[in-house]
Amino acid sequence: MVVVPVRHYGRAVAGAAVLLVLLGLVLSVARNENLDFAVVAENMFEPVVLGGVGLTLLLTFISMAVGILIGVIAAIARLSPNPVLRSVSAGYVWFFRGTPVLVQLIFWFNIGIIFPRLGIGIPFTDVTFWSVPINDVITPLNAAILGLGLNSGAYIAEIIRAGILSVSKGQVDAAYALGMSRRLTMRRIVLPQSVPIVIPPLSNEFIGMLKYSALASVIAVQELLGSVENIYSRNLRVLELLIVASIWYLIITTFFTFAQRLLERRFSRGRAMVGAAGGVRA
Amino acid sequence: MTDPTPAAPPPVEPERPFVVEARAVVKRFGSLEVLKGIDLSVQRGQTMVIVGPSGSGKSTFLRCINRLETLNGGYISVEGEIMGYRRQGDRLYELTDAELARQRTRTGMVFQQFNLFGHLTALQNITEAPVRVLGLDREEARARARALLATVGLEHKADSYPAQLSGGQQQRVAIARALAMQPSVMLFDEPTSALDPELVGEVLGAMRSLAQSGMTMIVVTHEMSFARDVGNTLVVMDDGRIIEQGTPAEVLDHPTTERAREFFSRVH
Ligand SMILES: Nc1ncnc2c1ncn2[C@@H]1O[C@H](COP(=O)(O)OP(=O)(O)OP(=O)(O)O)[C@@H](O)[C@H]1O
Ligand SMILES: [Mg+2]
């Protein structure tokens with residue numbers, strides 16, 4: 001008996017059509033007289049570009065750390081019995097999720113216009129013990145960190161809150177019954193168990209941050225996009241240099257997507273605890 | 001740490017025979033009155049078994065004892081101290097979270113669903129609170145935890161995570177975890193109800209030897225043979241009230257209320 005599987009003619013035709021279109025696109029780019037791939041290759045490892053890659057990574061890591069710190073605090077405040085803390089946290093999330101991050105970056109960059117000096121003094125009086133010009137503190141890089149960190153903190157707060165709520169009530173009851181305080185219970189029992197839950201969305205947030213960091217170029221930070229802009233404003237090879245930047249972004253995001261997989265695998269194994277002699281350590 | 005055992009309950013005057021006393025305890029969830037005036041006294045070294053139909057308020061009452069739930073009326077005292085408050089002169093001051101936490105170290109609780117900390121090994125589950133709350137030296141806490149695991153027959157499971165243990169083993173670790181705080185009284189909320197029938201015996205066995213060692217215990221259970229053999233007092237709750245109280249033999253063989261008779265005929 002010969003078994004004849006169903007033939008998917010429709011699929012084959014659609015696949016062929018898509019491949020043809022793709023091939024056409026690639027050829028039109030590769031054989032384009034106006035694109036000079038030698039320029040792309042030349043600039044891939046330009047010191048300015050490499051510096052931009054480094055600054056992009058630095059900006060992303062620091063902003064992410066700031067975001068996680070703020071996010072954890074905001075999430076805990078959101079779940080606290082104190083109505084003032086709850087409202088302030090909700091208001092923070094509302095504001096920073098509700099306004100474009102680009103607007104926030106430009107705002108921090110120009111903060112010196114409304115607050116020329118930053119200092120320590122007695123509120124509601126003219127007494128000042130110490131102050132500096134704000135533009136010494138809020139450099140373009142710091143403005144970018146502030147803007148990206150505060151913005152992602154609002155998203156991360158929601159991620160952490162969901163993670164905290166995913167830990168069962170029974171865990172909290174058991175900790176309280178043993179005489180652990182609310183704070184100790186949060187720190188030792190709840191937060192560690194929410195780690196495997198929050199890792200996938202936090203990794204997405206991190207990859208998003210890598211790309212959002214390009215916005216810092218508008219406030220004169222020489223990260224990856226800023227550094228290629230710097231070059232193409234002189235040689236006018238705009239597209240070639242945008243290709244250089246894109247290749248670098250793809251390399252970095254591919255690397256971190258891979259790292260995310262490893263991290264998730266490690267923690268999902270910890271949760272199932274299959275043969276985990278010393279498996280999870282949170 | 002210089003003082004390794006700050007958890008030991010303060011010296012108790014010998015004339016105070018009751019470890020737990022509940023007076024006119026009322027508890028409401030919204031408009032639903034779940035406890036309608038509970039009066040109970042548990043003597044030192046005694047095992048009190050509480051039974052009653054589902055929804056009669058047994059779990060809620062246990063959770064009121066260690067103040068996982070706040071009361072709407074009456075009071076509960078453990079070792080002569082009113083739970084949730086500090087007495088000063090003729091006033092009661094509500095305790096802060098940290099003070100309440102400290103007060104809760106006097107009561108150990110074992111839950112129907114075990115509630116072992118999933119990210120910690122059996123040994124770490126047991127040492128966590130003694131180290132973090134009582135400030136016990138880590139090595140000493142470990143030694144004690146191993147001894148406790150041995151008394152519940154699980155010394156070989158010290159490094160296993162909860163997910164690697166059977167229900168019966170998890171519940172025995174949970175008992176050891178509560179005992180590690182050296183509480184004055186142990187509260188059990190249907191500790192065997194979530195277990196496969198063949199695992200019930202090992203947990204009841206551990207509880208039986210604990211009772212025999214002189215621990216004061218309040219046990220909510222449907223295991224009538226445990227109530228009869230191990231209990232000193234049997235309490236029947238129905239609809240937020242105590243409807244029977246006495247020695248297990250008295251109550252089981254000669255219930256005075258129709259509701260209790262009905263209940264026993266269903267659980268036997
Ligand atoms: N957190 C809560 N919020 C609202 N109602 C509650 C809450 N906890 C318990 N109740 C209600 O209080 C009543 C008593 O519940 P409780 O769990 O104390 O009963 P129980 O005697 O332990 O029953 P079971 O044998 O089923 O465990 C029930 O009607 C229950 O629905
Ligand atoms: Mg119950």
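Predicted model: local features only at pLDDT ≥ 70, side-chain atom pairs only at ≥ 80, totals over all residues.
Step back to α8(A) itself, residues 169–177. In chain A, confidence is highest in this helix, at a mean pLDDT of 97. Color by accessibility: eight of the nine residues of α8(A) are buried, so the helix is largely enclosed by the rest of the structure. To see them, select A:G170, A:Q171, A:V172, A:D173, A:A174, A:A175, A:Y176 and A:A177.

What do these buried residues pack against? Within chain A, the partner is α9 (182–212). From chain B, show α1 (58–65), α2 (97–104), β8 (107–110) and α5 (167–179), which also pack against the buried residues of α8(A).

Now bring up the whole contact between the two chains. Chain A contributes 27 residues and chain B 26. The area buried between them is about 2200 Å², with carbon and sulfur atoms giving 58% of that area. On the chain B side, select B:F117, B:H119 and B:Y161; together they supply 27% of the area that chain B buries against chain A, more than any other three residues.

Next, go to helix α4 of chain A, residues 83–98. Its 16 residues reach 22 Å from the first C-alpha to the last, close to the 22 Å expected at 1.5 Å a residue. At its N-terminal end, display A:N82, which caps the helix: a side-chain oxygen of A:N82 lies 2.9 Å from the backbone nitrogen of A:V84.

Which residues of α4(A) are buried? Select A:S89, A:Y92, A:V93 and A:F96. Turn the view to look down the axis of α4(A): the buried residues fall within an arc of 95°, so they line one face of the helix. An α-helix has 3.6 residues a turn, so residues three or four places apart point the same way. Show α3 (47–78), α5 (101–109) and α7 (140–166) of chain A to see what the buried residues of α4(A) pack against.

Finish with a confidence coloring. Chain A averages a pLDDT of 89, and 95% of its residues score at least 70. Select residues 272–282 of chain A, where the pLDDT is below 50. Beyond near neighbours in sequence, this stretch has 22 contacts in the model. Among the helices, look also at α6(A), residues 134–137, with a mean pLDDT of 79.

Conventions
Residues numbered from 1 in each chain as written. Chains lettered and ligands numbered in written order. Heavy atoms only, no water. pLDDT = per-residue confidence, 0-100. Helix = DSSP H or I, 4+ residues; strand = E, 2+ residues; numbered from the N terminus. Contact = heavy atoms within 4.5 Å. Expected span 1.5 Å × (residues − 1). Buried < 20%, exposed > 50% of the residue type's maximum accessible area, 1.4 Å probe, protein only. Arc of directions from axis to C-beta. Polar contact = N/O pair within 3.5 Å; in protein donor to acceptor, adjacent residues only side chain to side chain. Buried area = accessible area lost by both parts, 1.4 Å probe.
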